[in-house]
Amino acid sequence: MKTVEKMKGKAQNLSTAEGVSIAFLGDSVTQGCFEIYKKENNAIETVFDQRYSYHRAFGDILSMLFPSVPINIINAGISGDTSSNGLKRVEKDVLRHEPDLTVVCYGLNDCSRNEEKREKYLNNLRKIFTLVLESGSELIFMTPNMMNTKISCHITDPDFIKIAEDTMDKQNGGYFDSFMDGARELCREMNVPLCDCYKIWKTLSFSGVDTTELLSNKINHPTREMNKVFAYELVRTLFSN
């Protein structure tokens, strides 16, 4: 990708070559959210810990590979975000910074049992992809992690159990698979590089790994350790396209 070539050029000529900016557009996982808890008013809150987010780990790997190159990471992930809201804010939160590469990751909060919402999700992605590519930024679409496949024994709060029952049904019922299949087809159609982390999670699950226990909130946020998988796969995708 041109972003890799730009990092190479900067490493070879620090004084005159431009630096590199990489933006991330997505939801709570992109932002760096992990466990969930209830506040005094019973409002559900999440633990924010960007130190262990995948965009931070990704930046650390690039800094190891190109130690002399300054890499500006723009994190435009928002907890609870959907592709609809991402489309509304892609200009102000991402494109105005003129990133060399934009990584988009949506699906967890878009997933629904409604076919019309699936089509809306894919239409939103198409519009986001178009805006990013027309801006001159390179683009990678990254599929998210799996949601829970069971109700973990670690979840005891009735409200959290209710949420987990809903996400479990979407995961086990094939609804999330359908959303991801549609996103993959869109990437093929628009020739957008795909970082298919969802496929990795599905492979782990098929191999007997308890993927629910790889979620920090036992619902849809991967653990700090599993965020590294996103980072590693994203680096592999970056250098293979």
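Let's start with Cys111: its sulfur sits 13 Å from the closest cysteine sulfur, the one in Cys105, and that is too far for a bond. Keep in mind that this is a predicted model. A disulfide is a covalent bond between the sulfur atoms of two cysteines. To count as one here, the two sulfur atoms must be within 2.5 Å. Searching the whole structure turns up 0 disulfides.

How exposed or buried are these cysteines, and what about Asn227? Here are the values.

| Residue | Relative accessibility | Class |
|---|---|---|
| Cys33 | 2% | buried |
| Cys111 | 3% | buried |
| Asn227 | 2% | buried |

Asn227 belongs to helix H9, which covers residues 227-240. Setting aside neighbours within four places in sequence, Asn227 is in contact with Val29, Phe34, Tyr52, Ser53, Tyr54 and Pro222.

Now for helix H7, residues 175-190. Why does its length make sense? At 1.5 Å a residue, its 16 residues should span 22 Å, and the end C-alpha atoms are 23 Å apart, so the two agree. Which residues of H7 are buried? They are Phe176, Phe179, Met180, Gly182, Ala183, Arg184, Leu186 and Cys187. These buried residues pack against helices H5 (115-135), H6 (158-172) and H8 (197-206), plus strands E6 (138-142) and E7 (194-195).

Technical notes. Residues numbered from 1 in each chain as written. Predicted model: local features only at pLDDT ≥ 70, side-chain atom pairs only at ≥ 80, totals over all residues. Heavy atoms only, no water. Helix = DSSP H or I, 4+ residues; strand = E, 2+ residues; numbered from the N terminus. Expected span 1.5 Å × (residues − 1). Buried < 20%, exposed > 50% of the residue type's maximum accessible area, 1.4 Å probe, protein only. Contact = heavy atoms within 4.5 Å.
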